[in-house]
There are 4 protein chains.
Amino acid sequence: MRLGVIYFSKTDITESLANAVIDGALTVAGTEIYKHRIVGSEIEQGRYANNAVIDELSQCDAIVFGSPTYMGSVSAQFKTFADATSELWCDQKWSGKLAAGFTCGSALNGDQSSTLQYLITFACQHGMLWMGIDAAPGYRDFGINRMGCQLGTLAYCPDGQIHEIDLATAKYQGKRIAEQLNKMGKA
Amino acid sequence: MRLGVIYFSKTDITESLANAVIDGALTVAGTEIYKHRIVGSEIEQGRYANNAVIDELSQCDAIVFGSPTYMGSVSAQFKTFADATSELWCDQKWSGKLAAGFTCGSALNGDQSSTLQYLITFACQHGMLWMGIDAAPGYRDFGINRMGCQLGTLAYCPDGQIHEIDLATAKYQGKRIAEQLNKMGKA
Amino acid sequence: MRLGVIYFSKTDITESLANAVIDGALTVAGTEIYKHRIVGSEIEQGRYANNAVIDELSQCDAIVFGSPTYMGSVSAQFKTFADATSELWCDQKWSGKLAAGFTCGSALNGDQSSTLQYLITFACQHGMLWMGIDAAPGYRDFGINRMGCQLGTLAYCPDGQIHEIDLATAKYQGKRIAEQLNKMGKA
Amino acid sequence: MRLGVIYFSKTDITESLANAVIDGALTVAGTEIYKHRIVGSEIEQGRYANNAVIDELSQCDAIVFGSPTYMGSVSAQFKTFADATSELWCDQKWSGKLAAGFTCGSALNGDQSSTLQYLITFACQHGMLWMGIDAAPGYRDFGINRMGCQLGTLAYCPDGQIHEIDLATAKYQGKRIAEQLNKMGKA
């Protein structure tokens, strides 16, 4: 059972969410991780050029996408990666894989959900199954998901600080995905 | 393995999509169907009042949601049903179920995808997994999905006519969902 | 210069936002208000039946739409109203009018922005111009827009309470719309 | 009255839409145009580096954004530009300007509207007013808007060809924006 985590992070906040997702996934026996942080040097004139990363992700049973919310959607750096997957799209090579996403932003409700909506559209284009967060804020919420979005992990990070509960949400998300892979016979 | 199909249809076009989804699902051995068409008489002052339908859906392993696109989203009639599920939401009783959607509209690109986006948000609120269509238009497309949307079945129905290929897309969708339930050990 | 405010409110929270929008608009000389609260008794079997309301709105230069966020979008009651405007849509009778929206929800980031996105789609279908909130949270924000969404007024109302700053955001919004009508020669 | 058109185009299709928007705007007396095509050489490690373009746009009364739809949203190249406007955002320097958008894609309903939705979110973040297309497909449509989306100009370009009616829609859009600037006293 192999879980890929691909993300962009400028300030290490999104990185900390990626690590929390991985921590959660590793609580499930049999989970292997492939992790990659997109960096600017992989981008040539607006195009993502590290195809080896895409090949590695193709070997995963689930892929979790992560990006800070910049101006209402994923960062341009993440989008270069998304655009570079278009060849795989033609053949629907990621069909049937599980997908999920995480993001953060510096306002309480500053279009982070728009980022997650984009990631869902992207995952559906690849024929993937989207898994969000089954924690209803204020009711059955396990003490996580303080923000109340169920599309994925949505963090609020004013002043460049990550909140403990947002990390707990990401960890829960990683565990949920790994458990789902087990149910789908990937373990 | 039990598949629920819940939809509103005024002119029988969405009904024909519902039937095609069911036809596809029944090609997979072991599939049982629960089907319900939302009707105006179930709605009292803007509130959906047929709770028995919601109870039946709670017994399903997957639920497919269908509505024509009216003024940029699901019809109000469908929305009364969606709003009535809020009690289930508190307890996340539909967590882990598979979800999918279908819609139709009288323009080529007349916000049908906005309807499917809404259904995804709704399904994620319930902790469900969303499954779209893994058919890349113009490439690996099996001769279906002429419209090119992969969020779900998206039909274009000018003059009140349903297109053969849109029905084929819905049938493919039903089969895909039933096969996925098998993989998830629900058969 | 005539401003219409049309909204659904079950618990008076959305009502209080409507009143704040109106308060703001009335600070601009020459503003007349048409206000209507959608009620369940206007809805017959899922269809909005009070056409006089739609006629009144057609006489306005700007229309502000309001609804609580229910299960990820506008309430079904509001949607019955939206669906009932489809005849006006055919003739684009609201073309060129100014549009804006407000919503509230019981979670910090519980899909309120999905409601505003829907209202934007709805307004664009009518050929209207959409005006959001020009207050950048944490920077140029006038002490309003604590939630950080700029699509419209987005309130967070846990425990059935409305926050002072959310009311201030709605008031600012009403004033902004009325001032814009002046600029467009409607005063 | 100054209209800015900023866009990315790889194959000249989006370029042809940009030109059509400009043709339409120039039918209105007093219109000046600023036009810029984003190119890869302006992007350094995923960041847009041509600040002079952003300064020019700040001198415009309206800005029209254009991008092909790549993997469900604006191209990464366009997104580098969007991200680079974040400093202006802090001060809401584009507040009150008119905004509009155009896109194209190779499928009938292949998430082009998701691109326009993003552009709306982006424009609202900047405090701009969004203007779509007031042409109801099949009814009052002036022979344009064959695709039926009213968020902006949405083109369908299979085989790398642009359709005459999509160009006509873009031209109508440009004219509509210029006329609106007149109404707002910018002429």
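Colleague: In this predicted model, how many salt bridges does the rule find across the interface of chain C and chain B?

Modeller: A salt bridge requires a side-chain nitrogen of Lys or Arg within 4 Å of a carboxyl oxygen of Asp or Glu. By class, the side of chain C that touches chain B has nine nonpolar and 16 polar residues, together with five charged ones. Even so, the number of salt bridges found across the interface of chain C and chain B is zero.

Colleague: Which element gives the most to the side of chain C that touches chain B?

Modeller: The rule finds ten residue pairs in polar contact across the interface of chain C and chain B, both residues being at pLDDT 80 or more. On the side of chain C, the elements that give two or more residues are β6 (73-74), α3 (76-84), α4 (86-91) and α5 (112-125). The one that gives the most, with six residues, is α3(C).

Colleague: What area is buried between chain C and chain B?

Modeller: In this contact, 30 residues of chain C meet 30 residues of chain B. Carbon and sulfur atoms give 56% of the buried area, and that area is about 2,100 Å².

Colleague: How are the copies, chain C and chain B, related?

Modeller: Chain C can be laid on chain B with an RMSD of 0.0 Å, by a turn of 180° and a shift of 0.0 Å along the axis. The relation between the two copies is therefore as by a two-fold rotation axis.

Colleague: What percentage of the contact residues of chain C recur in chain B?

Modeller: Both copies use the same surface for this contact. The share of the contact residues of chain C that recur in chain B is accordingly given as 100%.

Colleague: Which element gives the largest share of the side of chain B that touches chain A?

Modeller: Between chain B and chain A there are twelve residue pairs in polar contact, both residues at pLDDT 80 or more. At least two residues each are supplied to this side of chain B by α4 (86-91), α5 (112-125), β8 (129-131) and α6 (164-183). The largest share, five residues, comes from α5(B).

Colleague: Which three residues supply more than any other three of the area that chain B buries against chain A?

Modeller: The contact takes 31 residues from chain B and 31 residues from chain A. The area buried between these chains is about 2,300 Å², with carbon and sulfur atoms giving 60%. Of the area that chain B buries against chain A, 21% is supplied by Cys124(B), Leu129(B) and Gln150(B).

Colleague: Is Ser9(A) buried or exposed?

Modeller: Ser9(A) lies in the loop between β1 (2-8) and α1 (13-26) of chain A. The cut-off for a buried residue is under 20% relative accessible area. Because its relative accessibility is 5%, Ser9(A) counts as buried.

Colleague: Which backbone nitrogen of Glu15(A) or Asp12(A) lies 3.1 Å from a polar atom of the side chain of Ser9(A)?

Modeller: Leaving aside neighbours within four places in sequence, Ser9(A) is in contact with Thr14(A), Glu15(A) and Arg37(A). The backbone nitrogen of Glu15(A) lies 3.1 Å from a polar atom of the Ser9(A) side chain. A distance of 3.1 Å from a polar atom of that side chain is also found for the backbone nitrogen of Asp12(A).

Colleague: How many of the nine residues of helix α3 of chain D are buried?

Modeller: The buried residues of α3(D) include Phe78(D), Phe81(D) and Lys79(D). Helix α3 (residues 76-84) of chain D is largely enclosed by the rest of the structure, because the number of its nine residues that are buried is eight.

Note on methods: Residues numbered from 1 in each chain as written. Chains lettered and ligands numbered in written order. Predicted model: local features only at pLDDT ≥ 70, side-chain atom pairs only at ≥ 80, totals over all residues. Heavy atoms only, no water. Contact = heavy atoms within 4.5 Å. Buried area = accessible area lost by both parts, 1.4 Å probe. Polar contact = N/O pair within 3.5 Å; in protein donor to acceptor, adjacent residues only side chain to side chain. Helix = DSSP H or I, 4+ residues; strand = E, 2+ residues; numbered from the N terminus. Nonpolar A, V, L, I, M, F, W, Y, C, P; charged D, E, K, R; others polar. Least-squares fit on C-alpha atoms with pLDDT ≥ 70 in both. Buried < 20%, exposed > 50% of the residue type's maximum accessible area, 1.4 Å probe, protein only.
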